[in-house]
Protein chains: 2
Amino acid sequence: MSLPKQVRIVEVGPRDGLQNEKQATPTSAKIQLIENLVDAGLNYIEAGSFVNPKWVPQMADSGEVFSGVARKAGVTYAALTPNLQGYERAIAVGANEVAIFAAASEAFSQKNINCSISESIKRFEALIAAAKQQQIPVRGYISCVLGCPYSGAVDAEMVANIASELFAMGCYEISLGDTIGVGTAGKTKQLIETVARVIPISKIAAHMHDTYGQALANIYAALEMGISVIDSSVAGLGGCPYAVGATGNVATEDVVYLLNGLGIEHGIDLEKLIYAGNTISNILGKPTNSRVARAMSK
Amino acid sequence: MSLPKQVRIVEVGPRDGLQNEKQATPTSAKIQLIENLVDAGLNYIEAGSFVNPKWVPQMADSGEVFSGVARKAGVTYAALTPNLQGYERAIAVGANEVAIFAAASEAFSQKNINCSISESIKRFEALIAAAKQQQIPVRGYISCVLGCPYSGAVDAEMVANIASELFAMGCYEISLGDTIGVGTAGKTKQLIETVARVIPISKIAAHMHDTYGQALANIYAALEMGISVIDSSVAGLGGCPYAVGATGNVATEDVVYLLNGLGIEHGIDLEKLIYAGNTISNILGKPTNSRVARAMSK
């Protein structure tokens, strides 16, 4: 067990976060948020999604967001893409990376996208072929890695198999998502140990939700395992659709504070990050879910 | 590094928690809270304080609370006591253990109790002598172990010296308090390593605040060091006087959830614990600070 010297933060607030907020966010506020995050030093932003707006109306303006953001060299502006069509729309507006997704639970896959896990992965073949040809990196998300809202416990071997398949297909990195936040530090370690048997530890990212308050403990456990890529959402944007009133994504500010304390490099200015999070929270008319932002803003 | 098989939870909600809530809690509600906590399986409750009510009006009724609680065999009902007078009042109403306190920061000691750290420790000599004679166990708190609201960083060696002194005086256990919640997992490990050089690890307790969202990560780090006594407050009772609107004590529910995930025994029924926390939160008219309670109550 040794902590990484450097961590890359994948900021998912503008997509995974805002997609799960009840009220719609104005396009201009999304653009401002992304620019503020880049100004704070984040160099990887999941900026939007090209899923059918019928299913995810909050992301219907992702094309305008991608077109409207003033780009900074060296920053990845990524898009979530469900299929070749979505991929093409994302690339047309200048997404320089895309993400695909699968669930680690058959029940979740059926309820969420109405097909089996293996069918869902098969659907991405055309997208990945196109991305390879255009040299667009593809990231893979696996959801429900530590528990499913419909079927409960999830087998770590199952997660490892899906991770291995997505990696073999061409995903350069696999993000393990505790979608409902039920995981604890011990289970996180077991999971990462199992997945790291089939793909290199440097290719695994941790995507933790704070629904049960465990996210930072899980992230600390993941860091101890050698994980060096952490997904997080500024201001903890994004609630939890499976537990009303509960929190969802871990707040980027709180992750950065943890990393600062551990002496791990990340390149982010905490004050500017808090500014970005407080600004979007004010626009949404809700308190920030970042405890660090709350403690440092008073 | 190896996790303990069993952890003892020191429930501080009725004292450290309620003392730091803005609104006064009715005596009957305090009694009900303590009884609910014992019903949930907690066997160590810090039930009140015998500090001058001029300074801590929220605890002015501690005598009535101790007298009113239906006692259960095997449960420790502890009192915070600032001096021999307070000790005698606590014992008169049946406290079966007392706690004394010192700060790890001279600035905090001066501002909080208007004397130096060594003077504050000297004041406890008479109390400890009386407790020894009556075979009443004395627990020692050290506050500001990972940072001071007035003077910033705190030296781990300083904490170790005070811990050593309190232990030598007769405290059977030393609780290390991150009073303002600024600590992170790395600093927590360094601190415990330093203190464990002068007193046995089995005599050290971790008392973490969640002001910066770090409490569970710090507790996990402490468990990895072999710490097996954790202080916590049901429903996260008790705010943070140094950051308005921020959270204070880590919620017992969230600690229990972490321990469950790690397979560590604690003897507490999580559902009954959530009931105890939600009941007092309703009486106080505020949402619970436990994320587990929020996620599991909807």
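B:Thr81 is buried, with a relative accessible area of 0%, where buried means under 20% relative accessible area, exposed over 50% and partly exposed in between, for a 1.4 Å probe and protein chains only. The place of B:Thr81 is in the loop between β3 and α4 (84–92) of chain B, helices (H or I, at least four residues) and strands (E, at least two) being DSSP runs numbered from the N terminus. Leaving aside its neighbours within four places in sequence, B:Thr81 is in contact with residues that include B:Gly86, B:Tyr87, B:Ala90, B:Phe101, B:Phe124 and B:Leu127; contact means heavy atoms within 4.5 Å.

This is a predicted model, in which local features need pLDDT of at least 70 and side-chain atom pairs count only at pLDDT 80 or more, while totals for chains, interfaces and linings use all residues. Residues are numbered from 1 along each chain as its sequence is written, chains are lettered from A and ligands numbered from 1 in the order in which they are written, and side-chain values use heavy atoms, with hydrogens and water left out.

## Strand β3 of chain B

Strand β3 (residues 76–80) of chain B is mostly covered, since five of its five residues are buried. From β3(B), B:Thr76, B:Ala78 and B:Leu80 point one way, whereas B:Tyr77 and B:Ala79 point the other way, and all are buried. Strand β2 (residues 44–49) of chain B runs parallel to β3(B) and is joined to it by five bridges, where two strands pair if DSSP finds at least two bridges between them. Within this pairing, B:Tyr44 stands opposite B:Thr76 in β3(B).

## Two further buried residues

B:Ile174 has its place in strand β6 (residues 173–178) of chain B, and this residue is buried, with a relative accessible area of 0%. Apart from neighbours within four places in sequence, B:Ile174 is in contact with B:Gly140, B:Ile142, B:Ala163, B:Leu166, B:Phe167, B:Ile199, B:Lys203, B:Ile204 and B:Ala205. The C-alpha atoms of B:Ile174 and B:Val195, which are 21 residues apart along the chain, are separated by 9.8 Å.

B:Val154, in the loop between β5 and α8 (156–169) of chain B, also counts as buried, at 18% relative accessibility. Its contacts, again leaving aside neighbours within four places in sequence, are with B:Ala104, B:Ser105, B:Cys144, B:Val145, B:Gly147, B:Cys148 and B:Val159. B:Val154 and B:Leu191 are 37 residues apart in sequence and 10.0 Å apart in space, C-alpha to C-alpha.

Most residues other than glycine have a negative phi.

## Helices α9 and α10

Helix α9 (residues 185–195) of chain B and helix α10 (residues 215–224) of chain B pack at an angle of about 35°, with their axes 8 Å apart; these axes are lines fitted to C-alpha atoms, for helices over the stretch in contact, and angles run from 0 to 180 degrees between N-to-C directions. On the α9(B) side the contact is made by B:Ala185, B:Thr188, B:Lys189 and B:Ile192, and on the α10(B) side by B:Ala217, B:Asn218, B:Ala221, B:Ala222 and B:Glu224. The residues of this contact divide into five nonpolar, two polar and two charged, where Ala, Val, Leu, Ile, Met, Phe, Trp, Tyr, Cys and Pro count as nonpolar, Asp, Glu, Lys and Arg as charged, and the others, Gly among them, as polar.

In chain A, 10 of the 10 residues of helix α10 (residues 215–224) are buried, so this helix is largely enclosed by the rest of the structure. Among the buried residues of α10(A) are A:Leu216, A:Asn218, A:Tyr220 and A:Glu224. α10(A) is followed by A:Gly226, whose phi is positive, near 100°.

## How the two chains are related

Chain B can be laid on chain A with an RMSD of 0.0 Å by a turn of 180° and a shift of 0.0 Å along the axis, the copies being superposed by least squares on the C-alpha atoms of residues with pLDDT of at least 70 in both. That is the relation of a two-fold axis. In chain B, the C-alpha nearest the axis is that of B:Ala217, at 1.9 Å from it. The same surface serves both copies, as 100% of the contact residues of chain B recur in chain A.
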